[in-house]
Amino acid sequence: MNEVAVFVVHALWRPDPEGGPGRLALWAEDATIEVPRRRPGRAPKVRPHPFAAPHDRLIDALGPARGKSTTLAVRLPTRGGRPVDSPQLVRDRVDESSGPLSAGQWQVPVVEVDAGAVVDTLAALDPERAVLATSVTHLIELGRFAADLVGRGRLLPGVDLDPPRATWRPVLTGPDAAWSRALAQSRPASLAAADPDRPLTVWADALDSLVDAAARTAAGRMRLGTGRDGDPVTRAWLAALTGHERRFTATAADAAALAEGLAGWQADVLTGPVRACFRLVEPAETDRDQVFQVRLALQAADEPSLVVDAAQVWKARGPLPALARHLDSPQETLLAELGKARRVYPGLDAALRTARPAVLPLDTAAAHSFLQVAAPALATAGFGVQLPGWWTKPASRLGVRITASTPAQPGAVAGSGVAVGFAAITEFRHDLAVGGEVLTADELAELSAAKAPLVRLRGQWIELDARRLAAGLRVVGRTGTASVGELLRLGLGAGPDRSGSGLIEGLIEGLPVESVVADGWLGDLLSGDTELRLAPVDVPDSFAGRLRPYQARGLAWLDFLHRAGLGALLADDMGLGKTVQLLALLARDAAAGESGPSLLICPMSLVGNWQREAARFTPTLRVHVHHGAERARGKQFSDVVAAADLIVTTYSLAARDAADLRRIAWRRVVVDEAQAIKNAATRQATAIRSLPAGTRIAVTGTPVENRLADLWSIFEFVNPGMLGTATTFKQRYAEPIEKRGDDDAAARLRTFTQPFILRRVKTDRSIISDLPDKLEMDVLCNLTAEQAGLYRAVVDDMLQRIESSEGIERRGLVLATMTKLKQVCNHPAQFLRDGGAVAGRSGKLQRLDEILDEVLALGEKALLFTQYAEFGAMLRGHLTGRFGREVLFLHGGVAKPARDEMVARFQHEDPALFVLSLKAGGTGLTLTAANHVVHVDRWWNPAVEDQATDRAYRIGQRRAVQVRKFVCAGTIEEKIAGMIRDKRGLAARIVGSGEDWLTELSTGQLRELFALEAGAVVE
């Protein structure tokens, strides 16, 4: 943590012992309380927590939170007779008590909150007053999940007995069940500290209670069951499903009968192998009566494409071949299913009056009601529903087409040639449209005269809402002004700006925007296909190089967005020449006489690379490196900038010298290796976003599609505000895509961001045809007997310790185990640090020697990557002695001049072997003299490994590149390599940024993962 946390708020969940909704209890650690010395003698079973905040301080820290003040006995980690500090708590004076860790009972002051107020209470907690513990953040996430389930109708009503109580419970299937399991596995132990013997039960009660509370909030003041239908018990139960009072009056027998009926119905709906299916078919164009039909059918629940029409069911004698594996009596099943569906859709009565119901005819009003009301209700209840494709498309409804005029590119503004980007104001007009096509006056008159809710127009059915039509007629031809940002959000499908600054919303009276059209560069952006519509850009004579065709298109794209005042994310694959494209852009600026300095921020390891590439390709460009203890400050820095075209600095100095950098009106700010600002909350990212710039460019060679929080952070730098607030982005895109695999949300995000992201990959032969092949292979290595013995010893010792630990201690033990096992797989000497012999003790080292024998015999060169600097040093020493030749070794402690010298010597001189630590050598280097890459140990993140491989596999490489990834057979290395290989497309989501994901596995899963399998040892 960057700051000392003196006050940490924790959350406990307390299930109701009588079966009602649970309660949230908040308590806090206060580091300002002096910890009393432990008194000798026997301690009581339950002691007051020595530094828990008293009620008055707790209530003050909680701010608007309100609840009941009380005390609770909780079980907490204890050492030396005192509760152990939570990881978030930092004291000025460290408690030096020692001894074994145990579980102790402590009494803490708490504020208790009803389930219905949990979400608002947690949202009101002010992080400026206190640090929120993981138990609080986990409950916040759980509350969002509960609200999302309710919003999507993923819940069912139920009844609890003794006393009778109406409840809502979540329905967890498919992606929701997977996300629920993930949340349960990541639950912090402290959440159940008041009842630690039942942690999963406590967690499940929290989810149930939050879903019930969210359902009642969504229902508002609606009252169910107040009519005369149904028996009194059912009416009372329905009434209790809303409001605060959950209990209702019923005898034990009546409540039990109600619960049994509900359970049976819900079980049938949720788990039946075959269900009723309802398909709405629109009338043919020749049908004057305009009669819709709901065609009844049976559908396999686990295979929705398997549908048998009711007419075919009634014709069958005995089992249907298509459904034979599901049921024996299709006719009885169809009648039973239709009887259950009638409870949800009473309109089925008309069909059920016939002996063999197969079709339900509907007029347009009834069909509209089916589409709006019955179909969603039937789908929520678990029945199959198939609707016409036009119903789910925006083109089936009236909307507005906005026609905008593109703002002129104000090249005279401060001589920069830069527009004002997303904030530029432009004029527009709107017309009523269907499917993006403007309606004529005759069509508007025809619609005004129509009285039906569904109308056929231009050969397709549309929904006609009288109020929407009236609103549309009021705005036809109306003009207004809007920002470029608003028009792009609407035109590219991202939805309107919810920040409160929208200029369009008040003019279109809530009508949906069907399309946004414009001419010029704004029209090019709205097309979503910018690269194909770009005009070529001349490369100036001052650029001492030749751009490949795709690089020339990249230059035109960068120049196009810059002149529109918009930022860009250049995400070309590593080795495709992103640096060259940016230098060509700078050269074009200088040749056109467009003044103004540009700032480039990059990792320290890339400063030298930028200097060399600029000197090579743009020798006339004035480049100044802002770095070192003697760097310019204040007025001197302003003078240096005035005499330069490009200032190059590092991320750390950009944050440290932000005050000086903010005083400059930068023409352009570029961040290289943009993943350095993927965490938007860091001081570094905040400082860089604050720099004034005409336009901004982020450069990264790593795809961003699967890392949505990182994508938001980078775009917040590139085009501030483009993706909305972090909270809005999470709700609109991140949660639907990451939790539920929402393809529509992913498509909207891709469409909206596509004009501002340029991503080309080396494997696309249309981009680059002269890059040689890359051959990747896993190399299985056996363990020596010494390695196998150490491996088993580590597993046995650590599993025993992991099984008896929890929370942060358990996670630390799992990660420590991973490190130890990987060190054993590398070499016993790395694990033992015994300084003993290196040769003959490691299966990996033996295989490496064999491979390098062949490499050197062919006169070729190799890069050897390891994530451990100490192992790299061992490799260097061993290989130097074995082959009798120099071996280079790059790690984080190598200074920049020595690093540059190593790279130059490897590229142009004799050294044939280069050992690199993954962090120091995995990015920013061009090492195309090597055509062999060996990953001696794995980071288990494909993106990181690809970055390292691309030091050799990039433009300038003339030979096929062989990439070998060492894996010890029968060990955890082989098992995880298989997981990554099987799901490489999702590897970033599965693996994350290292091995932290492994800490959430159960002990049984860890035992299976760690176990050493037969065949792992060298015979």
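Asp572 has 0% relative accessibility and therefore counts as buried, a word that denotes under 20% relative accessible area, with exposed meaning over 50% and partly exposed in between (1.4 Å probe, protein chains only). The structure is a predicted model, in which local features need pLDDT of at least 70 and side-chain atom pairs count only at pLDDT 80 or more, while totals for chains, interfaces and linings use all residues. Residues are numbered from 1 along each chain as its sequence is written, and side-chain values use heavy atoms, leaving out hydrogens and water.

**Surroundings of Asp572**
- Asp572 lies in the loop between strand E22 (568-570) and helix H18 (578-591); helices (H or I, at least four residues) and strands (E, at least two) are DSSP runs, numbered from the N terminus.
- Leaving aside residues up to four places away in sequence, Asp572 touches residues including Lys578, Gln581, Thr700 and Arg760, where contact means heavy atoms within 4.5 Å.

**The sheet**
- Seven strands form an open sheet with parallel pairing, in the order E24-E25-E23-E26-E27-E22-E28; two strands pair if DSSP finds at least two bridges between them.
- The edge strands, E24 (623-625) and E28 (757-758), each pair on one side only.
- Strand E23 (residues 598-602) runs parallel to strand E25 (residues 646-650), and five bridges join them.
- Leu599 has Ile647 as its bridge partner in E25.

**Confidence**
- The chain has a mean pLDDT of 80, and 84% of its residues reach 70 or more; pLDDT is the predictor's confidence in each residue, from 0 to 100.
- Over residues 497-503 the pLDDT is below 50.
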